[in-house]
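Good morning, and thank you for coming. Please look at the sequence and the structure on the screen while I speak.

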Amino acid sequence: MNTFFQIFNDVWTLNILLAACIAFPSGIIQGYAGFGGALVSVPFFAILFGPVTGFGMVLIIVFCSQGVVFSKAIGQSNWKEVVPLAGTSAITMSLGILFLVSADPSFIKRGMGFFILLITIFMIFGWQYSGKKRPLIGMGMGAITGGITGSFGVPAFPLSALYFHTSNATAKTKRANVTVTLGCNVMVAICGLIIHEIYDQSLIFKSILISPFFILGTLLGQFLFKIAPVEWFKFVTYGILIVIALALLFT
């Protein structure tokens, strides 16, 4: 018990307190939209802890918060749409992580800012793929999202969500497709960082310590989804993403 409190005192720093404050609203976005929480939290965590460490922490937080949801979504998803995208995403993400862990952190931060701004622009203008969900198209989208996520630590899952949301499936199936793909990508990314020995006892403990704040935010976001106007929520989320993207690009 004394060892536990010693570890707690060592890791509960001002940066961890700030990270917890960031995790809560990020969780609200995740719970409301079903995606996007990681995209909001990663740049803040990159500033606080560095891009690779921040990315690794967010992965564990999202995994802890989405475990139950992921297991429920497995049976509701359309695997013919999920497998091509998630499969190629896993490959390009694994290759991208090789670059992420070896590149200059300042370059990674600027790359984060660029891709966050690019993804936000896609969401603002409502980009949609209106064609058929052919396997090759899904594989191409997976290759892009996995490459961005792995190489720069920017969760490009919103692009996958925009792809899935244009299908003719039911709303439940669309949400399940997004959730399952997110879960698969998170597990692949975690395994990739484990292989490169990014995780240690302190990092894992910090991530678990922050996770409850993200989970509480997710629950609140799910409640707000029933009562808050979508346009208002989009306006706030996009504003946050643009500000943090510009901060990463020019600082």
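At what angle do the axes of α6 and α8 cross, and within what distance do they come? The axes of α6 and α8 cross at roughly 25° and come within 10 Å.

Before I continue, a word on the basis of these values. This is a predicted model, in which local features need pLDDT of at least 70 and side-chain atom pairs count only at pLDDT 80 or more, while totals for chains, interfaces and linings use all residues. Residues are numbered from 1 along each chain as its sequence is written, and side-chain values use heavy atoms, with hydrogens and water left out.

Let us begin with the helices. Helices are DSSP runs of H or I with at least four residues, strands are runs of E with at least two, and both are numbered from the N terminus. Two packed helices are described by the angle between their axes and the distance between the axes. An axis is a line fitted to C-alpha atoms, for helices over the stretch in contact, and the angle runs from 0 to 180 degrees between N-to-C directions.

We return to the pair from my opening question. Helices α6 and α8 are roughly parallel to each other. Angles under 35 degrees count as roughly parallel, over 145 as roughly antiparallel, 65 to 115 as roughly perpendicular and the rest as oblique. The crossing of α6 and α8 is left-handed. A crossing is left-handed if the near helix is turned anticlockwise from the far one by less than a right angle, and right-handed if clockwise. Here Ile119, Phe122 and Met123 of α6 meet Pro158, Leu159 and Leu162 of α8; contact means heavy atoms within 4.5 Å.

Helix α8, residues 157-164, also packs with helix α5, residues 79-100. Their angle is about 150° and their axes are 12 Å apart, and α5 and α8 are therefore roughly antiparallel to each other. The crossing of α5 past α8 is right-handed.

Which residues does Met141 contact, leaving aside its neighbours within four places in sequence? They are Leu85, Trp127, Leu159 and Tyr163. Met141 is found in helix α7 and counts as buried at 12% relative accessibility. Buried means under 20% relative accessible area, exposed over 50%, and partly exposed in between, with a 1.4 Å probe and protein chains only. Although Met141 and Leu85 are 56 residues apart along the chain, their C-alpha atoms are separated by 6.2 Å.

I turn next to another packed pair. Helix α2, residues 14-33, packs with α10 at an angle of about 35°, with their axes 6 Å apart. The crossing of α2 and α10 is right-handed. Among the residues that meet are Ala19, Ala23 and Gly27 in α2 and Leu209, Phe213 and Gly217 in α10.

Helix α10 spans residues 201-224 and includes Ser211. Is Ser211 buried or exposed? At 3% relative accessibility, Ser211 counts as buried. Apart from neighbours within four places in sequence, Ser211 is in contact with Ile60, Ile61 and Cys64. In the loop between α9 and α10 we find Glu197, which is exposed, with a relative accessible area of 69%. The phi of Glu197 is near 60°, a positive value in a residue other than glycine.

Finally, the aromatic rings. A pair of aromatic rings is described by the distance of the centres and the angle of the planes. How many aromatic pairs does a search of the whole structure find? It finds 8. Rings of Phe, Tyr and Trp (its six-membered ring) pair if their centres lie within 6.5 Å; planes under 30 degrees apart count as stacked, over 60 as edge-to-face and the rest as tilted. The rings of Phe107 and Phe152 have their centres 6.0 Å apart and their planes at 50°, so this pair is tilted. Phe107 lies in helix α6 and Phe152 in helix α7, so the pair ties together parts that are 45 residues apart in sequence. Phe107 is partly exposed at 45% relative accessibility, whereas Phe152 is buried at 13%. Both belong to one aromatic cluster, formed by Phe99, Phe107, Phe114, Phe115 and Phe152.
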